[in-house]
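The following note is meant to be read with the structure open beside it. Each numbered point may be checked in turn.

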Amino acid sequence: MSVYLVVNGSMPEEGSEDTVRAKIGCTTVSADSRVASMQTGNPEKLYVVYEIPAIAPYEVEGKLHQKFSAFGGPFAAPDNRTALDVDGGHEWFAFPRSEIDRVIKAMDSYADISSVKQDLAAANLAASAALA
């Protein structure tokens with residue numbers, strides 16, 4: 001299970017203040033699989049920008065939606081959603097390019113790293129056994 005950040009169309013260059021239409025979502029399959037299903041009927045190419053593992057993806061997604069509600073999403077005020085032109089879906093946001101790095105940093109703060117810790121522990125165990 002994971003939480004992902006997808007952009008609609010191309011990502012502006014870093015330093016640009018162009019607006020990025022993005023979706024913060026969660027899935028029980030890979031983000032790439034989820035995007036493939038969302039791509040149907042969307043004229044612009046969707047790109048997975050970032051994905052994190054999450055034990056409780058729906059809770060993480062909700063926290064991120066609340067944190068970035070000034071840019072759209074389900075917790076944005078209806079008039080703000082209209083002004084941002086993100087009425088097409090409740091999980092879509094209109095971020096300035098500079099905000100994408102903050103979104104990724106916030107996602108990292110919720111990432112489940114227990115599987116990484118398990119992989120490291122197994123690798124350390126294997127290395128110790130090889131040295132013995």
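Which residues of helix α2 (residues 57-67) are buried? The points below begin with this question and then proceed to other parts of the predicted model.

1. **The buried side of α2.** In helix α2, the buried residues are P57, V60, E61, L64 and H65. When one looks down the axis of α2, these residues fall within an arc of 140°, so they line one face of the helix.

2. **The overall arrangement.** The protein has 132 residues, of which 36% are buried. Among contacts with a separation of 6 or more, 67% are between residues 24 or more positions apart. The accessible surface comes to about 7,600 Å², and carbon and sulfur atoms account for 55% of this area.

3. **The aromatic rings.** How many aromatic pairs does the structure hold? There are three. In one of them, the rings of F68 and F95 have centres 5.8 Å apart and planes at 85°, so this pair is edge-to-face. F68 lies in the loop between α2 and α3 (78-84), whereas F95 belongs to strand β4, so the pair ties together parts that are 27 residues apart in sequence. Both F68 and F95 are buried. F71 and F95 form a tilted pair, with 5.3 Å from centre to centre and 50° between the planes. This pair also links distant parts of the chain, since F71 is in the loop between α2 and α3 and F95 is in strand β4, 24 residues away. F71 is buried, as is F95. Taken together, ring pairs join F68, F71, F93 and F95 into a cluster.

4. **Charges over rings.** The charged end of K67 sits over the ring of F68, at 5.9 Å from the ring centre. The charged end of K45 sits over the ring of Y47, likewise at 5.9 Å from the centre.

5. **Residue N8 in strand β1.** N8 lies in strand β1. Is this residue buried or exposed? The relative accessibility of N8 is 15%, and because buried means under 20%, N8 counts as buried. With neighbours within four places in sequence left aside, N8 is in contact with R21, N42, E44, K45, L46 and W92.

6. **Residue T27 in strand β2.** T27 is part of strand β2 (residues 19-27). Its relative accessibility is 7%, and T27 therefore counts as buried. The side chain of T27 reaches the backbone nitrogen of V29 at 3.1 Å. If residues up to four places away in sequence are not counted, T27 touches M1, S2, Y4 and R34.

7. **Residue P53 in strand β3.** P53 is found in strand β3. At 34% relative accessibility, P53 is classed as partly exposed. Which residues does P53 contact, leaving aside its neighbours within four places in sequence? They are M1, S2, Y110, A111 and D112. P53 and D112 are 59 residues apart along the chain, yet their C-alpha atoms are separated by 5.4 Å.

Conventions:
Residues are numbered from 1 along each chain as its sequence is written. This is a predicted model: local features need pLDDT of at least 70, side-chain atom pairs count only at pLDDT 80 or more; totals for chains, interfaces and linings use all residues. Side-chain values use heavy atoms; hydrogens and water are left out. Buried means under 20% relative accessible area, exposed over 50%, partly exposed in between (1.4 Å probe, protein chains only). Contact means heavy atoms within 4.5 Å. Accessible areas come from the Shrake-Rupley method with a 1.4 Å probe; for residues, only the protein chains shown count as cover. Helices (H or I, at least four residues) and strands (E, at least two) are DSSP runs, numbered from the N terminus. A polar contact is a pair of N or O atoms within 3.5 Å; within protein, one must be able to donate a hydrogen and the other to accept it, and residues adjacent in sequence count only if both atoms are side-chain atoms. The arc is that of the directions from the helix axis to the C-beta atoms. Rings of Phe, Tyr and Trp (its six-membered ring) pair if their centres lie within 6.5 Å; planes under 30 degrees apart count as stacked, over 60 as edge-to-face and the rest as tilted. A charge sits over a ring if NZ of Lys or CZ of Arg is within 6 Å of the ring centre and within 35 degrees of the ring normal.
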